[in-house]
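Student: I have a new structure to read. Where do I begin?
Tutor: Pick one feature, learn the general idea, then look at the case.

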Amino acid sequence: MTQVPRKPSRGISCHAAIAGGMEAERAYNISDLYILKMNRLESADEIKALHAEMFAFYTNEMAVLDKRAAYAKPVVLCLDYIYEHLHEPIRMEQLAQFAGPNASYLSTLFKRETGASVSEYILSKRIEAAKNMLKFSEYSCSEIAATLAFSSQSHFSRVFKKQTGYTPKAYRDRFFRR
């Protein structure tokens, strides 16, 4: 069996969680637990599965932090749904089915309470995730685009540049591992 090289380090999720408001000690403790789990794994597939689990865990923790602002229940349900499905296409009809009210009312309520339309909010969260993936992982731009449910790498690059002022490559070149 081929050994998979590993470099235990504070990864994208840990740094993103701290930047998003999680207490550093809690973020580092969680990171340490995942590093310990990773050290017991033997295959690349096991490591990939643990990596996905870790991303999901940190994402859910950040969703809890994000809800500290008092939002109406349908908006909170939308935020949960968005965090849990950030890596797949999300439609307003899906959110409305999940959260309860009709799509038109939900859209208005979401904008009023968060200050952003649903699509703007989803896009901003995807760009946040992309920034962290570019900083702290070695995923290619096409892998990041696919992981975050962009329709294509070129669409991802256009949106990323519009939001950040950098192309994904320029952003990685400037901020990798910082």
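Tutor: Start with burial: a residue is buried if its relative accessible area is under 20%, and exposed if over 50%. Keep in mind that this model is predicted.

Student: Which residues of helix 6 are buried?

Tutor: Leu-106, Leu-109 and Phe-110.

Student: Why do the buried residues of helix 6 line one face?

Tutor: General idea: an α-helix has 3.6 residues a turn, so residues three or four places apart point the same way. Now the case. Looking down the axis of helix 6, the buried residues fall within an arc of 100 degrees, so they line one face.

Student: Which exposed residues sit on the face turned away from that buried side?

Tutor: Ser-104 and Arg-112 are carried there.

Student: What do the buried residues of helix 6 pack against?

Tutor: Three partners are listed: helix 4 (73–84), helix 5 (92–99) and helix 7 (118–136).

Student: How many residues does helix 6 have, and how far does it reach?

Tutor: Helix 6 covers residues 103–114, which is 12 residues. From first C-alpha to last it reaches 16 Å, close to the 16 Å expected.

Student: What happens at the ends of helix 6?

Tutor: At the N-terminal end, Asn-102 is the cap. One of its side-chain oxygens lies 3.1 Å from the backbone nitrogen of Ser-104. Just after the helix, Gly-115 takes a positive phi of about 85 degrees.

Student: Now the core. How do I read one?

Tutor: Look for buried nonpolar residues joined through side-chain atoms within 4.5 Å. Here the largest nonpolar core has 34 residues. Ile-82, Leu-95, Phe-110 and Phe-156 have the most contacts inside it.

Student: Which elements give two or more residues to this core?

Tutor: Helix 4, helix 5, helix 6, helix 7, helix 8 (141–147) and helix 9 (153–164). Helix 7 gives the largest share, eight residues. Apart from this core lies another, of 14 residues, including Ala-17 and Leu-65.

Student: What does Leu-95 contact, beyond its neighbours within four places in sequence?

Tutor: Its contacts include Cys-78, Tyr-81, Ile-82 and Leu-106.

Student: Last, a loop residue. Where is Ala-149?

Tutor: In the loop between helix 8 and helix 9.

Student: Why does Ala-149 count as partly exposed?

Tutor: Because its relative accessibility is 22%, and partly exposed lies between the buried and exposed cut-offs.

Notes. Residues numbered from 1 in each chain as written. Predicted model: local features only at pLDDT ≥ 70, side-chain atom pairs only at ≥ 80, totals over all residues. Heavy atoms only, no water. Helix = DSSP H or I, 4+ residues; strand = E, 2+ residues; numbered from the N terminus. Expected span 1.5 Å × (residues − 1). Buried < 20%, exposed > 50% of the residue type's maximum accessible area, 1.4 Å probe, protein only. Arc of directions from axis to C-beta. Contact = heavy atoms within 4.5 Å. Polar contact = N/O pair within 3.5 Å; in protein donor to acceptor, adjacent residues only side chain to side chain.
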